[in-house]
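Trainee: Can we go through this one together? I'd like to ask about it piece by piece.

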Protein chains: 2
Amino acid sequence: MLKQIQGGVCAASGFTANGIHCGIRKNKTKRDLALIYSQFPATAAAVYTQNLVKGAPLTVTKNNIEDGKAQAVICNSGNANTCNANGIEIAEQTCALLAEKLGISPKDVVVASTGVIGQPLDITPIANGIPALVDGLGAHSDYACEGIMTTDTRSKEIAFEFTVGGKVCRIGGIAKGSGMIHPNMATMLVFVTTDCAISAKMLQKALSEDVKDSFNMISIDGDTSTNDMLSVLANGAAGNSEIVEENEDYFAFKKALSAVTTDLCRKIAGDGEGATKLLECKVTGAKTEAAAKTVAKSVICSSLFKAAMFGADANWGRVLCAIGYSGADVDVQKVGVEFRSNKGTISVCQQGAGVPFSEEKAKEILLEKEIEVLISLGDGEGKAVAWGCDLTYDYVKINGDYRT
Amino acid sequence: MLKQIQGGVCAASGFTANGIHCGIRKNKTKRDLALIYSQFPATAAAVYTQNLVKGAPLTVTKNNIEDGKAQAVICNSGNANTCNANGIEIAEQTCALLAEKLGISPKDVVVASTGVIGQPLDITPIANGIPALVDGLGAHSDYACEGIMTTDTRSKEIAFEFTVGGKVCRIGGIAKGSGMIHPNMATMLVFVTTDCAISAKMLQKALSEDVKDSFNMISIDGDTSTNDMLSVLANGAAGNSEIVEENEDYFAFKKALSAVTTDLCRKIAGDGEGATKLLECKVTGAKTEAAAKTVAKSVICSSLFKAAMFGADANWGRVLCAIGYSGADVDVQKVGVEFRSNKGTISVCQQGAGVPFSEEKAKEILLEKEIEVLISLGDGEGKAVAWGCDLTYDYVKINGDYRT
């Protein structure tokens with residue numbers, strides 16, 4: 001049984017958080033440094049971008065949590081600390097300064113950055129900010145959430161309560177998304193905390209399995225970032241007996257983890273740069289699950305389909321086109337397409353050919369803020385869901401001059 | 001020796017063309033039916049989209065030119081004749097009606113369509129238009145060119161004179177591009193004519209080799225169309241001894257073919273939907289040619305890079321990012337990036353890290369209409385060129401409501 005609760009990354013026992021403006025960004029009203037802290041040592045797992053160009057913080061984090069342990073997460077926005085000659089050094093200094101103030105080992109720090117690539121990151125504002133960042137730790141998931149945002153227009157946090165071995169556990173997460181979002185085996189920035197006791201090995205396993213159905217199924221713009229990272233800290237404060245194998249408890253945990261990641265996926269996709277709509281593509285009847293994923297992601301990535309959705313235009317030919325070039329093994333003659341929203345459902349294509357439909361009804365359905373594209377391939381049991389957003393004038397505006 | 005000449009698809013001896021408004025489109029000032037005719041039987045070759053969803057005309061054309069022969073090309077715009085139950089029938093009727101009027105075999109007709117997917121194509125305006133279309137045949141490459149355009153803002157034609165075995169030959173082409181442009185083993189619509197004598201087998205070989213470096217290296221929006229087709233008709237009227245093997249004459253022909261296709265590639269990319277700039281990405285120093293192509297195409301396809309170019313923003317981090325996720329085997333520490341235009345060249349990244357540069361100078365360079373992105377990978381001899389365009393408000397506008 002999953003129950004949604006308040007508190008984001010501070011919902012789980014023993015976790016506090018904070019976010020401040022330290023001066024990396026010029027805009028003084030925007031928090032640019034975030035911290036999540038576990039009062040108890042925690043097991044840790046993470047997944048990272050598959051981009052060959054990797055942000056320096058990812059290398060440092062990977063090294064730090066190799067032992068499956070971490071106690072704090074620090075993340076700045078406004079600068080990606082990527083493609084800088086001194087990137088590793090700056091990320092390590094950040095860990096050292098934070099660890100000293102917290103009284104923990106620098107090796108127990110997860111460090112992350114997001115923002116512009118290729119501009120040296122000055123340690124000064126971070127060094128000056130850490131004391132206030134630590135001193136202000138509390139139930140401030142919202143501050144941390146703001147601290148990691150870039151062009152995001154909404155904060156993204158969620159938490160659930162669940163039960164493992166009779167013990168009440170909590171799991172919560174925060175995320176930032178918006179642009180350069182097309183994760184591959186990892187994602188933008190997502191930090192999850194839980195008080196469930198779970199071994200580092202099982203935590204990594206749960207996470208690696210989960211991202212295949214969650215963050216790897218989002219695309220905002222087809223660009224896989226250099227700084228994608230998703231980490232989970234599990235401090236065991238809930239008192240359940242530690243999950244060390246694939247048993248009932250493990251599946252209960254996985255279900256809770258999936259509730260958090262799916263919610264954050266939808267929030268990230270719906271708040272894509274310039275987006276006015278969340279697009280959810282649900283594929284059924286594929287030969288394999290892999291084929292279903294390929295088709296769902298191809299549709300969600302199509303610029304032409306995305307632009308049509310912005311215009312509330314039921315141009316289903318673009319859906320067929322994206323299915324056709326996806327690379328998945330599909331029998332085009334069996335494809336069916338429907339559009340669905342709060343205003344109803346409309347069938348636009350059956351057996352690979354158009355069917356008559358009311359353009360007026362289609363418009364009414366597509367003018368909603370959350371649109372489902374339902375694709376039936378009629379060829380097997382494989383199914384998948386992918387999330388994206390529409391392509392709008394504002395995407396171009398935001399990205400035409402991001403640096404200045 | 002290649003010499004650019006006038007005449008487009010009518011430059012080669014024995015070829016005439018025409019384009020009329022027959023009524024497929026509502027706008028009476030826009031030609032929507034095009035014809036290219038060879039007075040003499042010609043050898044023919046073509047390449048087609050790799051999209052599993054294929055326009056009906058492609059199936060009919062493939063069948064018609066299986067014998068390596070054709071004498072006419074007919075193409076309508078305004079309707080793709082794709083995903084329609086009666087698509088094949090309509091395409092075959094078009095061939096039959098045209099063949100009857102021209103006094104040739106219906107099997108010697110190349111038929112193509114471009115426009116909206118999934119709306120039945122009425123044969124009536126085509127049937128009514130064919131007499132005037134044929135009667136008006138002449139040196140009207142420009143009319144044919146307009147007849148195949150959709151959202152194109154400029155007509156795209158080119159012709160060259162070259163020599164094979166002491167005989168002067170001519171080759172010319174027309175193309176339409178603009179949206180749903182991300183060819184895979186073929187391209188949008190391109191029709192090439194030549195009076196060079198070349199066997200159907202060698203013509204197909206030359207064409208298949210050429211597209212790998214030409215049309216398969218363009219992307220406007222990452223969407224591979226259902227109706228991509230590139231055909232060449234060679235009628236031998238130049239009187240050279242027929243090219244039947246890979247000899248000097250073959251390479252002279254290939255060079256001329258490449259001059260036509262490269263020119264049309266640049267024209268298509270520069271006139272992408274909503275585009276204000278032609279982007280040319282030149283990669284050198286890759287481990288292999290395949291790796292160079294992968295990198296060049298990844299950069300040209302990046303929405304974030306394209307939007308930055310629209311804003312004349314030297315955001316080279318996005319170039320590095322796109323190199324990193326391309327999938328090519330690249331040593332990031334060796335990557336160099338320069339931007340070049342008529343206003344000069346500026347180096348922005350060396351050995352994978354940023355170098356100081358004048359933002360003012362970069363802006364001046366990037367405000368030009370044709371931008372080269374020069375990427376050196378420092379890791380081998382592989383090189384490649386890809387073409388694309390910037391991502392603008394108008395792309396979204398055009399595609400937000402294309403059907404109405």
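Trainee: Let me start with a detail: what is the bridge partner of A:S341 in β13(A)?

Mentor: The partner of A:S341 in that strand is A:G344, and please keep in mind throughout that we are looking at a predicted model. The two strands concerned, β12(A) and β13(A), run antiparallel and are joined by five bridges, and they form a hairpin that has two residues between them.

Trainee: And how many bridges join β13(A) to β14(A)?

Mentor: Two bridges join β13(A) to β14(A), and this pair also runs antiparallel. A:Q350 stands opposite A:A353 of β14(A), and in the hairpin that β13(A) and β14(A) make, with two residues between the strands, A:Q351 takes a positive phi near 50°.

Trainee: Which order do the strands of that sheet follow in chain A?

Mentor: The sheet is open and has seven strands, in the order β9-β16-β11-β15-β12-β13-β14 of chain A, with mixed pairing. Its edge strands are β9 and β14 (353-354) of chain A, each of which pairs on one side only.

Trainee: Where does the mixed pairing show up around β16(A), parallel or antiparallel on each side?

Mentor: Strand β9 (residues 218-219) of chain A pairs with β16(A) in the parallel sense over two bridges, whereas strand β11 (residues 278-286) of chain A pairs with β16(A) in the antiparallel sense over seven bridges. To place these on the sequence, A:S219 has A:G388 in β16(A) as its bridge partner, and A:C281 stands opposite A:A386 of β16(A).

Trainee: Is β16(A) mostly covered or mostly open?

Mentor: Strand β16 (residues 382-389) of chain A is mostly covered, with six of its eight residues buried. Among the elements that lie across this strand is helix α8 (residues 303-310) of chain A, which also lies across β9, β11, β12 (336-341) and β15 (370-376) of chain A and runs at about 125° to β11(A).

Trainee: Switching to chain B, what does the sheet look like there?

Mentor: Chain B has an open sheet of seven strands in the order β9-β16-β11-β15-β12-β13-β14, and the pairing is mixed. The edges are taken by β9 (218-219) and β14 (353-354) of chain B, and each has a single partner strand, so one side of each is left without a neighbour in the sheet. Within the sheet, β11 (residues 278-286) and β16 (residues 382-389) of chain B pair in the antiparallel sense over seven bridges, and B:V283 has B:A384 in β16(B) as its bridge partner.

Trainee: Which helices pack on it?

Mentor: One of them is helix α6 (residues 248-270) of chain B, which lies across β9, β11, β15 (370-376) and β16 of chain B and runs at about 40° to β16(B). Helix α10 (residues 359-366) of chain B packs on the sheet too, touching β12 (336-341), β13 (344-350) and β15 of chain B, and its direction makes about 120° with that of β13(B).

Trainee: New topic, then. At what angle do α1 and α2 of chain B cross?

Mentor: The axes of helix α1 (residues 56-64) and helix α2 (residues 87-102) of chain B cross at roughly 50° and come within 8 Å. That angle makes α1(B) oblique to α2(B), and the crossing is right-handed.

Trainee: Which residues meet there?

Mentor: From α1(B) they are B:A56, B:P57, B:T59, B:V60 and B:N64, and from α2(B) they are B:G87, B:I88, B:A91, B:E92 and B:C95. The residues of this contact divide into six nonpolar, three polar and one charged.

Trainee: What does B:P106 touch?

Mentor: Leaving aside residues up to four places away in sequence, B:P106 touches B:N64, B:C95, B:A96 and B:A99. B:P106 sits in the loop between α2 and β5 (109-116) of chain B, and although 42 residues separate B:P106 from B:N64 in sequence, their C-alpha atoms are 7.9 Å apart.

Trainee: Why does B:P106 count as partly exposed?

Mentor: Because its relative accessibility is 39%, which lies between the 20% limit for buried and the 50% limit for exposed.

Trainee: Last one: which residues of α1 in chain A are buried, and what covers them?

Mentor: In helix α1 (residues 56-64) of chain A, the buried residues are A:A56, A:P57, A:L58, A:V60, A:T61 and A:N64. Their cover includes β3 (33-48), β4 (69-79), α2 (87-102), β5 (109-116) and β10 (229-234) of chain A.

Notes: Residues numbered from 1 in each chain as written. Chains lettered and ligands numbered in written order. Predicted model: local features only at pLDDT ≥ 70, side-chain atom pairs only at ≥ 80, totals over all residues. Heavy atoms only, no water. Axes fitted to C-alpha atoms, helices over the stretch in contact; angles between N-to-C directions. Helix = DSSP H or I, 4+ residues; strand = E, 2+ residues; numbered from the N terminus. Parallel < 35°, antiparallel > 145°, perpendicular 65-115°, else oblique. Left-handed = near helix turned anticlockwise from the far one by under 90°. Contact = heavy atoms within 4.5 Å. Nonpolar A, V, L, I, M, F, W, Y, C, P; charged D, E, K, R; others polar. Buried < 20%, exposed > 50% of the residue type's maximum accessible area, 1.4 Å probe, protein only. Pairing = 2+ DSSP bridges.
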